[in-house]
Structure formats: structure tokens, C-alpha cells
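Hi there,

Here is the structure I promised to pass on. Have a look at it first, and then read on for my notes.

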Amino acid sequence: MSAGHQQATGNINSFNNNNSFNNIVNFITNLDDEGRQILQWLSPLEPQQRHQGVRADRLDSVGNWVLETSVFREWRDAENSNLEQVLFCHGNPGVGKTYVR
Amino acid sequence: MAQMLLTISNDSSLVIDSLCDQAEGKDVAVVGLYCDFHTQHEQSTTNMLGAMLKQLASRGGIPNHTRKAFREAKEKFGGRGLLLPGMVDIFKKTTTSLSRLFICIDALDESPSKHRRELIESLREIVQASPGARVFLTGRPHIDDEIVRCFSKVLRIPLSPTHRDIRSYLEMRLDRDADPNAMDDELRADIMRIVPEKVSEM
């Protein structure tokens with residue numbers, strides 16, 4: 001394990017905390033050549049960048065109610081079991097843009 | 001379509017943030033991605049799973065088994081890209097020891113049906129190998145059958161625009177309350193819970 005690798009793992013808890021985008025950049029910067037090749041080999045997609053964009057635009061009060069539902073909590077906190085725990089939030093298009101402004 | 005993506009994305013970003021906040025400092029990982037109708041040619045199932053492995057790598061480093069698989073692929077096939085079974089195998093080895101893994105896939109209905117089926121089946125295989133895994137999906141209701149077919153326990157939350165509009169409106173009105181002293185947290189919570197329910201029943 002390289003020093004850069006250790007530094008990166010110490011800093012990062014998730015891909016999308018406030019500092020995490022920088023952390024990912026640091027992680028990649030500090031990675032050895034083979035490590036960079038491996039990331040490219042795994043996937044060309046960079047989904048965390050999209051998330052940052054969406055997050056910046058978000059109106060904080062919208063959607064909080066999802067987190068408060070008993071269904072969400074049941075899914076999040078369920079004990080481990082052989083059941084595959086899936087939460088499906090479904091909706092149709094048709095919400096006006098004014099809603100998220 | 002674009003509007004749908006926008007609003008649902010907002011909700012699942014929130015979910016991802018909330019899970020990350022909760023996960024901080026624990027042996028818990030949150031990964032997520034968005035299916036995007038406009039970039040579906042890049043979004044093969046293998047690429048999508050790989051993108052989530054990259055998120056895991058930036059959290060916990062590149063696991064030795066992944067390095068080993070990469071070196072073998074390089075020697076044998078000149079670094080050829082991974083095929084789906086190999087990707088699923090690497091994913092399972094990476095996640096099986098996590099006490100909690102949240103996998104969030106946003107706008108699943110935007111991925112083409114062939115990819116979607118592959119993705120759902122791959123997720124099932126991964127989740128079956130990781131008892132701590134939880135899957136969060138968003139999409140339009142018509143993909144419900146495909147999800148139910150693959151997973152043993154599916155919980156649902158309907159994202160009704162009307163319901164959410166009502167909540168947003170209520171919050172705005174409560175924030176502008178001319179007599180805030182008459183309000184307390186409990187009453188506010190009751191209003192926010194009961195009024196949208198009643199309106200939805202109308």
C-alpha cells in the first residue's frame with residue numbers, strides 16, 4: 001500500500017460529502033500509475049461529478065419527507081438477513097420546473 | 001423526461017447525502033449512480049458497476065484482488081476491458097465484508113431495457129453475496145414488475161408530485177406564519193404529516 005493510498009483512504013468516507021470531490025481528486029493524484037490504469041479499466045464513467053451538480057442546485061426542503069417515512073427507516077435500519085432489501089421510490093414525470101426553483 | 005430526472009435526482013441525492021452523513025466513520029459504504037437517457041450508449045451494465053467500484057476504491061483504496069484481476073487481464077488479454085461476469089465477481093469480493101452497503105441507482109427507467117435487466121440481475125447477485133447490502137432505486141412505476149421479479153423484499157415509496165407540492169407549499173406558509181409563537185415542533189410535524197395525507201385522499 002503506497003503512502004498516497006493510505007492518505008486517501010484516511011480522508012474519504014463517501015464519494016459525495018462536501019470535501020469528497022476534492023478527496024477523489026487527491027486520491028487519483030496520489031495514486032500510482034497502475035492504480036490509475038485500474039480505475040480506467042473499471043469504468044470510464046464518473047458519476048460523482050453529476051451528483052455534485054445536482055446537489056448544488058437542490059432546494060433543501062424538497063424531498064426531506066422521504067427520509068422521515070417509516071418505510072425509508074425500515075429499509076435503512078433492517079437487520080441483515082437473507083432477504084434482498086430494496087427500496088423503490090417511484091414517480092411519474094410532470095413536476096413543474098418552478099417547483100425546484 | 002428531463003424534468004422527471006431533475007426532481008427524482010433531487011430526492012435521491014438527498015437520500016445519498018443522508019446515508020453518507022449517517023455512515024461517517026463506520027464500516028458503511030454508500031455508492032450511487034444515475035441512469036441518463038442521453039448517455040445510455042456509455043452506460044453498459046459493466047461500466048455502471050465499475051463506476052460504483054471506483055467510488056468504493058476512493059473510499060477504501062484499490063483492493064488487492066482487483067489489482068490481481070487487472071494484472072491477469074493485462075497479461076492474458078493485453079488489458080482488455082472487463083466483461084460483466086468478471087465485473088460482478090470483483091464487485092462481490094469488494095463488498096462482501098462491508099457491514100452496510102447502500103447502492104443507490106437513480107432513474108433506473110432511463111436505462112435501456114436490455115441493460116436494465118442485466119443491471120437488476122447483477123445487483124441481485126451482488127446483494128445475495130453481501131448480507132449488509134441495501135438497494136435504493138428510483139424510476140417511473142412501470143419498471144416495478146422487473147424489480148419485483150428479482151428481489152425478495154421490495155419496499156415502495158410513491159413520489160407524488162402533488163403530495164410534494166403540498167408539503168412544499170405548507171412549509172412555505174408555516175415559515176411565514178404571522179404568529180410563530182402559536183406553533184411548536186409537534187404541531188408543525190402534525191400539520192406536515194396530516195394535511196398532505198388528507199389532500200391525497202380527496
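This is a predicted model: local features need pLDDT of at least 70, side-chain atom pairs count only at pLDDT 80 or more; totals for chains, interfaces and linings use all residues.

Let's begin with chain A. Its secondary structure comes to six helices and one strand, and along the sequence these run α-α-α-α-α-α-β. The chain has 101 residues, and 34% of them count as buried. If you take the contacts in chain A between residues at least 6 apart in sequence, 39% of them join residues at least 24 apart.

Chain B has 202 residues, of which 41% count as buried. You'll find eight helices and four strands in chain B, in the order α-β-α-α-α-β-α-β-α-β-α-α. For contacts in chain B with a separation of 6 or more, residues 24 or more positions apart account for 80%.

**A helix in chain A**

Have a look at helix α3 of chain A, which covers residues 33-42. Its buried residues include A:Gly35, A:Ile38, A:Leu39 and A:Leu42. These cover an arc of only 100 degrees around the axis, so they sit on the same side of α3(A). As a bit of background, an α-helix has 3.6 residues a turn, so residues three or four places apart point the same way.

**Helix α5 of chain B and its surroundings**

Next up is α5(B), residues 113-129.

Several residues of α5(B) are buried: B:Arg116, B:Leu119, B:Ile120, B:Ser122, B:Leu123, B:Ile126 and B:Val127. Looking down the axis of α5(B), you'd see them fall within an arc of 170 degrees, so they line one face of the helix. And what covers them? The cover includes α2 (45-60), α4, β2 (100-106), β3 (133-139) and α6 (144-150) of chain B.

The axes of α4(B), residues 84-95, and α5(B) come within 9 Å and cross at roughly 35 degrees. The crossing is right-handed. On the α4(B) side, the contact is made by B:Leu84, B:Val88, B:Phe91, B:Lys92 and B:Thr95, while α5(B) brings in B:Glu118, B:Ser122, B:Glu125, B:Ile126 and B:Ala129. Sorted by class, that contact has five nonpolar, two polar and three charged residues.

- B:Cys20 is in helix α1 of chain B, residues 2-23. There are 20 other C-beta atoms within 10 Å of B:Cys20, so it counts as buried. Its C-alpha atom is 6.3 Å from that of B:Val30, ten residues apart along the chain.
- B:Gly50 belongs to helix α2 of chain B. B:Gly50 is buried, because 22 other C-beta atoms lie within 10 Å. Which residues is B:Gly50 in contact with, leaving aside its neighbours within four places in sequence? They are A:Leu42, A:Ser43, B:Leu82 and B:Met87, and A:Leu42 is one of the buried residues of α3(A). From B:Gly50 to B:Glu75, 25 residues apart in sequence, the C-alpha to C-alpha separation is 20 Å.
- B:Ala107 is in the loop between β2 and α5 of chain B. Most residues other than glycine have a negative phi. B:Ala107 is not a glycine, yet its phi is positive, at about 55 degrees. With 22 other C-beta atoms within 10 Å, B:Ala107 is buried.

Cheers

Key: Residues are numbered from 1 along each chain as its sequence is written. Chains are lettered from A and ligands numbered from 1 in the order in which they are written. Axes are lines fitted to C-alpha atoms, for helices over the stretch in contact, and angles run from 0 to 180 degrees between N-to-C directions. Helices (H or I, at least four residues) and strands (E, at least two) are DSSP runs, numbered from the N terminus. A crossing is left-handed if the near helix is turned anticlockwise from the far one by less than a right angle, and right-handed if clockwise. Two residues are in contact if their C-beta atoms, placed from the backbone, lie within 7 Å. Ala, Val, Leu, Ile, Met, Phe, Trp, Tyr, Cys and Pro count as nonpolar, Asp, Glu, Lys and Arg as charged, and the others, Gly among them, as polar. A residue is buried if 20 or more other C-beta atoms lie within 10 Å of its own, exposed if 12 or fewer, and partly exposed in between; C-beta atoms are placed from the backbone. The arc is that of the directions from the helix axis to the C-beta atoms.
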